[in-house]
Amino acid sequence: MTSDLLARHRAVLPSWMPLYYDEPIELVSGSGRRVTDAQGRTYLDFFGGVLTTMLGYDIPEVREAVERQLRTGVVHSSTLYLIRQQVELAEKIARLSGIPDARVFFTNSGTEANEAALLVATNHRRSHQILAVRNSYHGRSYAAMGVTGNRGWSASPLNPLQVAWLHSGERLRGLLARLGPDEQVDAAVEDLREVLATQTAGDVAALIAEPIQGVGGFVHPPDGLFAAWKKVLDETGILFIADEVQTGWGRTGEHFWGYQAHGITPDLLTFAKGIGNGFALAGVVGRAEVLESVPAISFSTFGGNPVSTAAGNAVLDYLLDHDLQANAARTGAILLDGLRAAVADLDCVAEVRGKGLMLAVEFVHPGSAEPDPARTARVFEACREGGLLVGKGGLYGNVLRMGPPLTLTEEEAREGLAILVEAIRTAAGVPA
Ligand code: PLP
């Protein structure tokens, strides 16, 4: 019984670990883009376990690769031994990363990947000053929380890094929100120069940024902003860390990595979530010169283990063989265009935005930019009632987020769209 499980969950797990929905769901099986709960209800999953189930559920190619590895009896051999599939996956990711002379260090989570990137950058530059972006999310370790620009997610009372905060692609609020894309890039560069001059000693290690802010509500800065920033950073050798935990692997439809929309190559790139399709697999990629900067022995007991990397190879091969980036562009356009057309007359929707299969709807009190998390929650619950799982996010909890598996079909996109539109219009008091 789910209600019994919920009581036991509340009794033993920390209260700061939130559960989605008024009546939390226990998922017991999944296939393709659909999951079934303990009561037998089936949902179309437009969030994929927070953009993690990138290919969908129970993909035979991934299951078979993992089962093959399990049958060898070697579930874990520690990174002190050679692991064939780890090397193979590192070769593929190094090649795809676009980073010259790349090295790959595998971890188990995006948090650890960012922690490793910050460790590498601070060692390489002999500085613990970091530039981070307002409204960002980078994980839940000390350093990763330290560069997270959202107090709701950043509970660390002490920051091990000296962090200065930048404005970025603000959409509705904040100093840059009133500007057009070109002016916003100019203003963000001015802000960067001012922050460097006033809030740092100059010897900054790195800037860390998400090409599209994930937890922050799928907020994307104007294309090209990172290139404009990087020009300034390059004057003094400050490194650029692209956090691709949500934006990587073709999800944005237009590019394989989010950073490519900005015309840069980062010095360090962190990845996680989708590459394991549910198995714990993450890591950091960087130029050898930078990644080799860690002076002490540093390894991960489970990072890059045989099972996770067997899954990772199968996921990556599937992704490339089926050109899922193109599918994300195609099905994402159906959703974006359909949503925009269906809610254009609603003054409680401030913006429908996104790229590929990373789409958001932001809710406000009609006629203002004031966030409306209550209405967002109603839409969220109504989607569930209609059989659709989506996500929530944003600094104020007023953004509905969609990040379906990249295997989404056009029929499923239209099916989910209809549920979404009905939920939004009903919450707006204007039924479809
Ligand atoms: N970076 C970004 C952009 C994320 O969205 C997340 C998680 O949502 C992380 C880092 C942390 O990843 P993990 O939860 O795997 O530690």
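Student: Which strand does S3 join in parallel?

Tutor: This is a predicted model, in which local features need pLDDT of at least 70, side-chain atom pairs count only at pLDDT 80 or more, and totals for chains, interfaces and linings use all residues. Residues are numbered from 1 along each chain as its sequence is written. Strands (E, at least two residues) and helices (H or I, at least four) are DSSP runs numbered from the N terminus, and two strands pair if DSSP finds at least two bridges between them. With 2 parallel bridges, the partner of S3 is strand S13 (residues 388-389).

Student: In S13, which residue is the bridge partner of Asp-45?

Tutor: S3 covers residues 42-45. Asp-45 has its bridge partner in S13, and that is Leu-389.

Student: In which sense do S2 and S3 pair?

Tutor: Strand S2 takes in residues 34-37. Arg-34 has Leu-44 in S3 as its bridge partner. The two strands pair over 3 bridges, and the sense is antiparallel.

Student: Which helix gives the most to the shell around the ligand?

Tutor: The ligand is surrounded by 16 residues, the closest being Ser-109, Gly-110, Thr-111, Gly-139 and Val-245. A residue is near a molecule if its C-beta atom, placed from the backbone, lies within 6 Å of it. With 3 residues, the helix that gives the most is H5 (residues 110-125).

Student: How many residues of H5 are buried?

Tutor: A residue is buried if 20 or more other C-beta atoms, placed from the backbone, lie within 10 Å of its own. H5 is mostly covered, and the count of buried residues is 14 of 16.

Terms used: A residue is buried if 20 or more other C-beta atoms lie within 10 Å of its own, exposed if 12 or fewer, and partly exposed in between; C-beta atoms are placed from the backbone.
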